Amino acid sequence: VVEKVEKNKFSFKKYKDTYFEDKNNILIPFQNNLIIKKGNYNITEPIIIPDGINLIIEPGTQLDMNTNTYIFVSNGDLKIKGEPNNKVFIFNSNNDYWKGIFVRSNNIENSDSNITDTIIKNYTFFDNGLVQLTGGINFYNTNITIKNLNLEKSLAEDGLNIVNSKFKIKNIKISEVSSDAVDVDFSKGQLEDTEFINIGGDAIDFSGSNSNIIDTRISDVQDKAISVGEKSIIKLQNINITKSSIGIASKDSSKVFGENVIISNCKLHDYASFQKKSFFKNGFIELKNSKGCNKELVDKNSFLSINGKVFKGKEIDIKKEYY
């Protein structure tokens, strides 16, 4: 039974002996979850989930987010349960930008967030007045599984930001983002069957991470299609990149291993291996059965091998050359 009391003209609900605000009057308590039932909702206030409680969004739900709204889940799971013929749609109907999603967990091993068959569009970076993040869709210290997700029209520095987490992503499409599409920091996981189109920064940016990228298509990227830095180890298989300033960059003690990597219509460099930050070492790229545009960049102490051919490095002023 849900008990409602009126306070400051907003609806409060009692759950586990505590009251929480449900300003949009859409949250239904069940066990350790708050559920948004299928329906079309005009969200005028932020959706804030009490600490330790999960948020479940049912198939077919449409959330029309006002510009000052966001979704915040603290020490709980986010489960967006779209279905192929019954997708979840989170957007702003006025062609403006809402303030994104933030999911953080105190214990990664006990977390289990997932998103399936969902479209999210017209969003900027998460900002609740106390916490301001670079990412629009953010997962911190979380186990996250994503399947069949479209992200469109992001103004955030990172369209999807995964930090200190474990992730499994399959069949996502990210398009029309103003800066980086996916930023992975100190995390481990896999991206499979993904597509990136019209990216204002990097398509995929790794720092301190260990990940696999399989069956991925990337096109029209203003910066790097795949950027690997800060002691990351990345394995690539079946990657197609076209119209990117730099196809694949390995820098700062990072290693990239790949097979069946094809880069075409290069703007600046297809493969780049170098040191950017003085407190790290050099880059490393080793590819098999791969092609490029013959526009390689290798600094003196870095390594690049394509189909068994090792490219000799040279003295390079990276800031002058690229940054």
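Start with strand E10, residues 71–74, in what is a predicted model. Ile71 and Val73 point one way from the strand, while Phe72 and Ser74 point the other way. Which of these are buried or exposed? All of them are buried. As background, side chains in a regular strand alternate between the two faces of the sheet.

Now the partners of E10. Strand E7, residues 47–49, pairs with E10 in the parallel sense, over 3 bridges. In that pairing, Ile49 stands opposite Val73. Strand E13, residues 101–104, also runs parallel to E10, and the two are joined by 4 bridges.

Next, the nonpolar cores. How many residues does the largest one have? It has 69, and the residues with the most contacts inside it are Ile47, Leu55, Ile226 and Ile248. Strand E22, residues 210–229, gives the most to this core, with 6 residues. There is also a second, separate core of 7 residues, which includes Ala249, Phe274, Ile316 and Ile318. In general terms, nonpolar side chains in soluble globular proteins tend to be buried together.

Back to Ile47. Leaving aside neighbours within four places in sequence, Ile47 is in contact with Asn24, Ile26, Leu27, Ile36, Leu55, Leu63, Tyr70, Ile71 and Phe72. Ile71 and Phe72 on that list are the E10 residues that point opposite ways from the strand.

Thr194 counts as buried because its relative accessibility is 0%, and the cut-off for buried is under 20%. Beyond four places in sequence, Thr194 contacts Ile169, Ile172, Asp215, Thr216 and Arg217.

Last, two backbone points. Most residues other than glycine have a negative phi. Which residues go against that here? Ser253 is one of them, with a positive phi of about 65°, and Asn294 is another, with a positive phi of about 60°. Ser253 is in the loop between strands E23 (233–251) and E24 (255–264). Asn294 is in the loop between strands E26 (284–288) and E27 (297–298). As for accessibility, Ser253 counts as partly exposed because its value is 21%, between the cut-offs of 20% and 50%. Asn294 has a relative accessible area of 68%, so it is exposed.

That's what I have; questions now, please.

Terms used
Residues numbered from 1 in each chain as written. Predicted model: local features only at pLDDT ≥ 70, side-chain atom pairs only at ≥ 80, totals over all residues. Heavy atoms only, no water. Buried < 20%, exposed > 50% of the residue type's maximum accessible area, 1.4 Å probe, protein only. Contact = heavy atoms within 4.5 Å. Pairing = 2+ DSSP bridges. Core = buried A, V, L, I, M, F, W, Y, C linked by side-chain atoms within 4.5 Å.
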